[in-house]
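The sequence and the model come first.

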Amino acid sequence: MKRLEVSGVDERKVVEKLLSAFADEWIAAYYYTLTAYSIKGNLSEEIAEHFLKEAEDEIRHARMIADRLQDFDIDPPREFTKLWELSGCKYPPIPEDPYDIDGWIKAAVEAERCAIKAYKELYDLTHGYDPVTEELAEDLLRDEVHHETMLRNLLSKEAAKKL
Ligand SMILES: [Fe+2]
Ligand SMILES: [Fe+2]
């Protein structure tokens, strides 16, 4: 462990949060891909494209987190089921109805909000102590805020008003 890099902060807590975020990113990437292939109806193709692009972003995020975990000598979990266990956000319930596009988007907005909260916490935890993780948290936070905005903008007027 490179303890010199992290001073005054519980390294275990940082690693725990990174692992939890790593899992959230994979889960979001999976559900965004699922959404892209499941939704049907008006504008569904355009919205599916959007979800696939965000899924790519989430995988990129997972890799950024994995890179940082390597600095702590931590490899990604070997068991895929472990990801769900580690995940801090899980994923909100998705609609049964593939035509309920607003419902699918709303689940994604909630997932982004959970990620925003998690990266704020990671930022607060590392701020002033672990500049490398702090900067990572800031970069990820910026992306997730952007995702949340883009997803909200995909909602129908009625659904956006209720959010
Ligand atoms: Fe992400
Ligand atoms: Fe995101």
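## Helix 1 and helix 2

In this predicted model, helix 1 (residues 11-38) packs with helix 2 (residues 44-71) at an angle of about 160 degrees, and their axes are 8 Å apart. Angles over 145 degrees count as roughly antiparallel, and helix 1 and helix 2 are therefore roughly antiparallel to each other.

The contact of helix 1 with helix 2 is made up of 19 nonpolar, 3 polar and 4 charged residues.

## Helix 4 and helix 5

A second pair is formed by helix 4 (residues 101-126) and helix 5 (residues 131-154), whose axes come within 8 Å and cross at roughly 160 degrees. Helix 4 and helix 5 are therefore roughly antiparallel to each other.

Where helix 4 passes helix 5, the crossing is left-handed. In the contact of helix 4 with helix 5 there are 14 nonpolar, 3 polar and 8 charged residues.

## The nonpolar core

The largest nonpolar core consists of 34 residues. At least two residues of this core come from each of helix 1, helix 2, helix 4 and helix 5. Helix 1 gives the most to this core, namely 13 residues.

Which residues have the most contacts inside the core? They are Phe-22, Trp-26, Tyr-32 and Ala-108. For Phe-22, leaving aside residues up to four places away in sequence, the residues touched are Ala-62, Ile-65, Ala-66, Leu-69 and Pro-76.

## Two loop residues with positive phi

Leu-43 lies in the loop between helix 1 and helix 2. Its phi is positive, about 65 degrees, although Leu-43 is not a glycine. Is Leu-43 buried or exposed? A residue with 12 or fewer other C-beta atoms within 10 Å is exposed, so Leu-43, with 12 C-beta neighbours inside 10 Å, counts as exposed.

Lys-90 is placed in the loop between helix 3 (81-86) and helix 4. Lys-90 is also a residue other than glycine with a positive phi, here near 50 degrees. Lys-90 is partly exposed because 14 other C-beta atoms lie within 10 Å, a count that falls between the limits of 12 or fewer for exposed and 20 or more for buried.

Technical notes: Residues are numbered from 1 along each chain as its sequence is written. Chains are lettered from A and ligands numbered from 1 in the order in which they are written. This is a predicted model: local features need pLDDT of at least 70, side-chain atom pairs count only at pLDDT 80 or more; totals for chains, interfaces and linings use all residues. Axes are lines fitted to C-alpha atoms, for helices over the stretch in contact, and angles run from 0 to 180 degrees between N-to-C directions. Helices (H or I, at least four residues) and strands (E, at least two) are DSSP runs, numbered from the N terminus. Angles under 35 degrees count as roughly parallel, over 145 as roughly antiparallel, 65 to 115 as roughly perpendicular and the rest as oblique. A crossing is left-handed if the near helix is turned anticlockwise from the far one by less than a right angle, and right-handed if clockwise. Ala, Val, Leu, Ile, Met, Phe, Trp, Tyr, Cys and Pro count as nonpolar, Asp, Glu, Lys and Arg as charged, and the others, Gly among them, as polar. A nonpolar core is a set of buried Ala, Val, Leu, Ile, Met, Phe, Trp, Tyr and Cys residues joined through C-beta atoms within 7 Å. Two residues are in contact if their C-beta atoms, placed from the backbone, lie within 7 Å.
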